[in-house]
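Below are my notes on the model and its ligand.

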Amino acid sequence: MEKGHESGPNTTAIHAGLDPFRYQGAVSVPIFQTSTFAFRSSHEGAARFAKQEPGYIYTRLGNPTVDALQEAVAALEGGRFALATASGMAAVSTLYFAFLDPGDRIVVPGAVYGSSRVILEKEFSRYGVRTTFVDTSDEAALARALEGGAKLLFVETPANPTLQCTDIERAAEMAHAAGALLAVDNTFLSPHLQRPLRHGADIVLHSMTKFLNGHADVVAGILVTSDEKLHARLQFVLTNLGGTIDPHQAWLVHRGLKTLPMRIERAQENALKVAEWLVGRRGIEWVAYPGLPDHPGHRLIPRQMAGPGCLMAFELAGGIEAGRRLLDAVKLMTLAVSLGGVETLIQHPASMTHANVSAEGRHEAGITDGLVRLSVGCEDFEDIRADLEQALAAAVG
Ligand code: LCS
């Protein structure tokens with residue numbers, strides 16, 4: 001290939017992290033299902049521990065299958081380093097543990113994944129970490145929240161489940177001016193549609209349970225950065241606290257990753273059609289989807305997002321009762337939490353993913369009781385539409 005040629009997203013997803021001739025020509029990276037690695041001599045063991053010689057020691061500290069996945073995700077995010085974790089929450093808690101000391105302040109949107117919020121309120125508060133919740137899509141409010149300085153600004157964009165979008169470049173400028181690091185949870189879009197490091201974020205994390213794996217069969221997470229010091233800090237905390245990924249889990253995610261661009265493109269095409277079909281339909285109060293021109297996040301396409309993604313939220317006339325009837329009436333769509341798989345999933349955040357957030361917290365974050373979240377998958381659009389149509393008829397008549 002000519003000098004300076006940069007691989008496209010499909011090529012990167014399929015080939016990054018794989019060198020068949022490293023493993024006897026194996027085109028799929030082998031699963032190194034081993035907890036520990038033998039040393040040829042006491043000298044070699046000591047040299048590996050002292051980092052004087054390369055080589056594996058123990059799977060919590062490093063494993064070839066895990067390395068292949070980390071290389072691939074780092075390449076997709078345009079980052080230098082990645083650390084795969086046992087779950088998305090292991091990535092979030094590693095981030096918090098790595099950078100928050102007693103007395104430090106973290107600024108986060110009220111609308112984040114329920115557990116990312118709850119561990120700050122219930123656990124990190126025990127160590128004297130202070131949390132300020134703010135709508136990070138509102139620049140004036142974000143500037144006020146960062147007054148007086150902070151250690152970490154942690155943004156989810158689009159946010160779970162309200163789909164509020166935050167301008168990453170502005171957030172990075174404001175965070176850095178306040179002396180804070182910017183970490184972005186990129187789970188909702190994946191690196192195929194958004195690469196926060198390019199826009200000034202210091203760290204990107206994912207629940208790989210979602211789009212990166214894409215097949216609803218693994219729980220995993222990852223942390224990506226281009227900063228060697230931040231990586232070293234995250235690695236120290238992750239490998240010592242122990243939220244590392246298992247090689248088999250890593251292999252499954254790596255397999256799923258290869259079709260990431262294709263899955264996202266297909267599901268996103270469906271999502272746009274579903275959102276357009278829902279708007280103005282009888283019984284639908286509003287639809288929140290960044291692909292709709294009236295969504296406040298729409299202005300960030302294509303500046304920071306290559307597309308609006310596959311998630312949307314909508315509110316039914318008749319609130320929570322109508323929402324329950326809808327969830328009970330779906331036939332093709334699956335009533336389940338999680339998102340980002342090939343199958344369309346529907347759920348009710350107030351009673352499910354965000355039930356652990358107080359009613360007041362949900363209210364402030366815009367998570368209304370009647371909000372229904374849809375993760376549109378790769379099925380045929382006409383089948384999704386027909387299912388929605390019959391379920392809506394059952395819910396709102
Ligand atoms: N970050 C985001 C944006 C998420 O949506 C989730 C999980 C996590 C982090 C945590 O990842 P996990 O540990 O589950 O891999 N979100 C879920 C959701 O919306 N429904 O079920 C899980």
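1. This is a predicted model. The place to start is the second largest pocket, where the ligand sits.

2. The shell around the ligand holds 18 residues, and those that come nearest are D185, S207, T209, K210 and R373. Sorted by class, this shell has 6 nonpolar, 8 polar and 4 charged residues.

3. Which residue has a side-chain N or O atom 2.6 Å from a nitrogen atom of the ligand? That residue is D185, which is also listed among the nearest residues of the shell.

4. Two further polar pairs involve the protein backbone. A polar backbone atom of M89 lies 2.8 Å from an oxygen atom of the ligand. At S338, a backbone N or O atom is 2.8 Å from a nitrogen atom of the ligand. On its own the ligand has 480 Å² of accessible area, and the protein covers 92% of that.

5. How is the chain divided? There are two parts, domain 1 (9–257) and domain 2 (261–396). Their C-alpha centres are 26 Å apart. The contact between these domains takes 42 residues from domain 1 and 40 residues from domain 2.

6. The ligand shell should be read together with this division. Domain 1 and domain 2 each supply at least three residues to the shell.

Key: Residues are numbered from 1 along each chain as its sequence is written. This is a predicted model: local features need pLDDT of at least 70, side-chain atom pairs count only at pLDDT 80 or more; totals for chains, interfaces and linings use all residues. Side-chain values use heavy atoms; hydrogens and water are left out. A residue is near a molecule or strand if one of its heavy atoms lies within 4 Å of it. A polar contact is a pair of N or O atoms within 3.5 Å; within protein, one must be able to donate a hydrogen and the other to accept it, and residues adjacent in sequence count only if both atoms are side-chain atoms. Accessible areas come from the Shrake-Rupley method with a 1.4 Å probe; for residues, only the protein chains shown count as cover. On a 1 Å grid over the protein atoms alone, a cavity is a set of points where a 1.4 Å probe fits but cannot get out, and a pocket is an open set with protein on both sides within 12 Å along at least five of seven lines; lining residues have an atom within 4 Å of a point. A molecule sits in a cavity or pocket if more than half of its atoms lie within 2 Å of its grid points. Ala, Val, Leu, Ile, Met, Phe, Trp, Tyr, Cys and Pro count as nonpolar, Asp, Glu, Lys and Arg as charged, and the others, Gly among them, as polar. Domain bounds come from an automatic or database domain assignment. Contact means heavy atoms within 4.5 Å.
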